[in-house]
Amino acid sequence: MIDRGLRDRYSRQTMFPGIGDEGQAKLLKSSMVIIGCGALGSNIATLLVRAGVGKIRIIDRDFIEYHNLQRQVLFSEDDIRAQLPKAIAAERYLRKVNSSVEIQGIVADANYTNIEKFCESTDVILDGLDNLETRFLINDVSLKLKIPWVYGGAIASGGMTMTIIPGEPPCFRCAYPGSLNGWDTNAPTCETAGIVGTAAAVIGALQATEAIKIIVGAHEINRGLTIVDVWEGIHDHIEIKPRGDCPACRGNYESLEGGFAVRTTSFCGQSRAVQVIDTKVREIPLDKLKARLKNVSYVSQDEYMLRFIADDHEITVFPDGRAIVKNTVDESLAKQLYAKYVADLLY
Ligand SMILES: [Zn+2]
C-alpha cells in the first residue's frame, strides 16, 4: 500500500493505531489548503508536511518582519534579508523538509473573489488567519463546496479551535451569530495584547491533528470549541449548539457574495500598515505600473512585488491587485494613495 522508503519515513506515526498504514495511505493522497501563514499557519504547515500529506497549498498576503520570527516557525533572518513573501519562504523551507509533498505557496489575499478557486479540490481547509471577516468567508466556502475546515485563533497566552463539517451543524456562524461587520472593532489583536509563541504552537498542533483525523476517518472529531491557555494551564471544551436561523447553514452565503468595492484592512502582524484591495483591479502588471509612476523613489522590484516611496509612505504593490501602505493606520489616506499611485494610472 505504501512504498518502502515512505513506510520507514512515517513508521513512528503508522505505529499509532489511530493512523496505521491505512491512515497513512489516505494522508499521502490528501490535499489541504492553509489560509494565512503566520504563527498558526507555520505550525500547521510544518506538522502536516512532516506527517506526509499529499498536497498542501499555502495562501498568504504578507512579508516577513523581525517580530514574526518569535513564533512563525517556518521563517528565518535570511528570508527577511531576501524580502521573500511568507508564502514563498514557506514553500522553499517545506520542500527541504519533505520533497515528496507537493507544496504550492501563493502570494494573495484570500477574499470573496478568489477563495473558491484556492479551496477547490482540497480535502480540508485550515484557518491560519487573524480576522473574523475572512473566517466567515472560509465558513461559507466550506459549506458551499462541502469541504471540512478547522478554525483556530490565538492571542496572548490562549487560543481556541473548532472543526466544522459541512452538512453537520454547528458551523462557525452558529458559534458566532450576529452581524458580519464590526466584529473586530474593539477586539484585542496581536498588536495590542501580544502573543506567546507556545500558545500559537499548541493551537496550530491541535488544528493539524484535526486535519489528520478528518483524512484518516477518525470518529473523535472536535465538534465544539476547545479553549486552551498555556499560561493558566487550562484546557476546556464548550459545546456549541446548531442555530436554526444560521444563514450559512441555510445555504445563504453572505460573506461569499461580497459586494464591497474598495476594502482596507489594518494588519495584525505589521506595525502601522494598511492593506488596500480594489476589487475592480484584479491584476497589476508591475512593469507597466512602474513605467507610469512619477515623483516616486523606487525601493525594489522583483517578480512578487514593486515597492516605492511616495508622499512619505512606503507602498508595496502586488501582481494580484493589492497594495500595502506603510507608516499609517489611516484607512482613507491609504485608499487615496492607492487610487493616486495604482488604480488611476492603470484604469
Ligand atoms: Zn451554522
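Proline 170 lies in the loop that connects strand β6 (158-164) to helix α9 (172-175), helices (H or I, at least four residues) and strands (E, at least two) being DSSP runs numbered from the N terminus. The peptide bond that leads from proline 169 into proline 170 is cis, with omega near 10°. The structure is a predicted model, in which local features need pLDDT of at least 70 and side-chain atom pairs count only at pLDDT 80 or more, while totals for chains, interfaces and linings use all residues. Residues are numbered from 1 along each chain as its sequence is written, and side-chain values use heavy atoms, with hydrogens and water left out.

The zinc ion is coordinated by the SG atoms of Cys171, Cys174, Cys246 and Cys249 at 2.2 to 2.3 Å, where donors are N, O and S atoms within 2.8 Å of the metal (3.2 Å for Na, K and Ca) and sites may look incomplete, since water is not among the atoms. The angles among the four donor atoms are 102 to 119°, and the site is tetrahedral, a label given to four donors if all angles lie between 85 and 135 degrees. Along the sequence, the donor residues follow the spacing C-x2-C-x71-C-x2-C. Cysteine 171 counts as buried because its relative accessibility is 1%, and cysteine 174 counts as buried at 5%; buried means under 20% relative accessible area, exposed over 50%, and partly exposed in between (1.4 Å probe, protein chains only).

Strand β5 (residues 149-155) has six of its seven residues buried, so it is largely enclosed by the rest of the structure. Strand β4 (residues 124-127) runs parallel to β5 and is joined to it by two bridges, pairing of two strands requiring that DSSP find at least two bridges between them; isoleucine 125 has tryptophan 149 of β5 as its bridge partner. Seven bridges join β5 to β6 in an antiparallel arrangement, with alanine 154 opposite glycine 159 of β6. The hairpin of β5 and β6 has two residues between the strands, and alanine 156 in this hairpin takes a positive phi near 50°.

Two further loop residues have positive phi values. Asparagine 295, whose phi is near 60°, is placed in the loop between α13 (286-292) and β11 (297-301) and counts as exposed because its relative accessibility is 74%. Aspartate 312, with a phi of about 70°, occupies the loop between β12 (306-310) and β13 (313-317) and is exposed, with a relative accessible area of 68%.

Methods:
Four donors count as tetrahedral if all angles lie between 85 and 135 degrees; four count as square planar and six as octahedral if opposite donors are over 155 degrees apart and all others between 65 and 115; anything else is irregular.
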